[in-house]
Amino acid sequence: MSRSRRFPFLRPRALAVLAALGAAVVPAAAQEGERAPDLPPALSADADSSLAASDPLLCRSGATISEIFVDNGSVFDVGSEDLDARFNWAYRTANRMHVRTREGVIRRELLFREGDCYTPALLEDSERILRSLTFIADADVFAVRQPDGTYHVVVETRDEWSVRLEPQWDRDDGGMGITGVELREDNLLGSGQHVSAYFKEYQGERVYGANVGTRQLFHTQWDADLGVARTPVGISVVQRLAYPFRGESGRWAFREQIEHTERNFEIFVPREDGPGVQRRFFPESRRSADVGAVMRLGRRGNLTLFGLAVAGEWTEYPRDYLSTDGGGDQPMTRQVSGGDEPVPVVTGLDTVSSVRIVFLAGQRNVYFQRRRALDAVRGSEDVRLGVEAEVAVGRSVAAFSDDDDLMVDVGFSLAGAPVRTLVAGVRATASGRRDFGADPGAFEWRSVFGQADAWAYWRPSDASRHTVVASASMVGGWRTTVPFQLTLGNRAGLRGFPSHAYPGERRLVGTLEHRMYLGWPYPRLFDLGTAAFVDVGKMWAGGDTFGVNSPWATSAGLGLRLAFPPGSRRTYRLDIAVPVNTRGYSARDVVFTLGVGQAVGRSQGDDPQLRRSNRRAVAASLFNFPN
């Protein structure tokens, strides 16, 4: 198999293991680009890998996997030439504080076993699955051909630092403070299980919670997660059980999820005593449940998906007025004849009660490339390229629903690398509901939400320290009958504006960002980089009662990016930004943000302010891992 050795400091150790066991080592290919050994057509990378792996009759010429060797490395390989000997004490200390991933955990993520056919595509998928785990920093899976025609497969992994304290900090509008902190362990005692506890100021309210989960429930390939949180108005519980498609060769996937949320919906309204806006709350109680399965047909790179699910959603609004506190006990009032009365939020809000049968379909024509220093400071990432489309159509069941409607949810993504120095893509999602109970002549489609994103990364060369990122995002809602409001501020759009700036229903944001890896001061201990960016955006009020049509707003800023250990894909971000030439704001209105992950780019997913109003129904993409 043609492979590049990405861990030169580990490979001699792995080959020594093979030699010690008496194997005659015949490398499949020493360097990337060399021709791999000839394989029968049934075992080539474009074959049906799951069929080839399970049917020994297809393993002609003895092309089976006779042994699998796992080299599960810790966070640092002390003594490696890639590390600085001056910090060996620090490397050893870090390793002592870290529990190495157990060999059994790594083996259970592999898509092949001893005795299976040697199928290069399954090795590639397994390598990508290992790298996608939050507790694995990097992985290399390669084969060594033996004199008898069988293959020994070597699996080399390097652990990520799994104990993390992740702060979320903002300073805007003259205030300063920690808005959230999470303590998490992604690899509890080397078992691959994750636990976390957190405090967050989310949507203007303080939330305390904890999560626990595993990728290998009872040593299987089933995923399970449970999260519990306390909000000012109640509790939130999320439970999930899933058997996702693993790699590109899986044929079936299953998912079940139950969610119960009691929360305040944060909304910004005009001040009564002058210009600007003030934060108010709208209580909401939401319950949802879904269970479904999806199957794949076709070959790698050309997969068709069909599925069926049952999904239920029940949403209520306990109070029909805005409150001035997180508990909802102090209503916002307005002067009327005879006294004060609570201020309603918006008219036309509907209580949701529906159980629907959802039909899922999709087409997945994708492939993957490894790229360095896109969203990581210096680490390598697997980038999904190609085309993917999906649709979900769900009709409410009259016997179990108060609503009489048809839900439609569509998604599309396209990404490519036309030249080696450029990676670009687009992604769009839309959903809406056709109301069959609407009055004659009324507009039948309601709660229509959409998001469209475009992004591009340019690097002069693979060895360059510079990455230029351009992105654009459009988010909006139309004829909404659930609470919905966007803002143009730093958490959702322009990093130089406070989070409450310019509320409305439709937002457009564009960003140009230059990232640079410094290679200083201690590149063999951690990765450090910088960022310089300009954000431009505009808000439209749409149907938001309290929304505004903003001017074109601009902010600019600088930032630092940090990753530990070196080569980690996890990026810690500190940005400092200011408004530029925007009425009502000046360069003195500095905004600081501290968080985890890049603020813009290909991995942003659904907008958080859109997601709180429109949690997409079961979609085929939810069944993929890694996506």
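Arg433 has a relative accessible area of 17% and therefore counts as buried, a class defined by under 20% relative accessible area, with exposed meaning over 50% and partly exposed in between (1.4 Å probe, protein chains only). Glu313 lies in strand E14 and Arg433 in strand E20 (residues 422-435), so the pair ties together parts that are 120 residues apart in sequence. Strands (E, at least two residues) and helices (H or I, at least four) are DSSP runs numbered from the N terminus.

The model is predicted, local features requiring pLDDT of at least 70 and side-chain atom pairs pLDDT 80 or more, whereas totals for chains, interfaces and linings use all residues. Residues are numbered from 1 along each chain as its sequence is written, and side-chain values use heavy atoms, with hydrogens and water left out.

The chain contains six helices and 28 strands, and buried residues make up 51% of its 627 residues. Strand E2 (residues 65-73) is mostly covered, with seven of its nine residues buried. E2 runs parallel to strand E4 (residues 151-159), to which eight bridges join it; pairing requires at least two DSSP bridges between two strands.

In total, the structure holds 48 salt bridges. One of them joins Arg128 to Glu248, with the closest N and O atoms 3.8 Å apart. This pair links distant parts of the chain, Arg128 being in helix H5 and Glu248 in the loop between strand E11 (245-246) and strand E12 (252-270), 120 residues apart. Arg128 is buried, at 5% relative accessible area, and Glu248 is buried at 6%. A further salt bridge connects the side chains of Arg370 and Asp138 (3.4 Å, N to O). Arg370 lies in strand E17 and Asp138 in strand E3 (residues 136-145), so this pair ties together parts that are 232 residues apart in sequence. Asp138 counts as buried, at 10% relative accessibility.

Helix H5 (residues 120-132) also contains Arg131, which counts as buried at 4% relative accessibility. The Arg131 side chain reaches the backbone oxygen of Ala139 at 3.2 Å.

Notes:
Polar contact = N/O pair within 3.5 Å; in protein donor to acceptor, adjacent residues only side chain to side chain. Salt bridge = Lys/Arg side-chain N within 4 Å of Asp/Glu carboxyl O.
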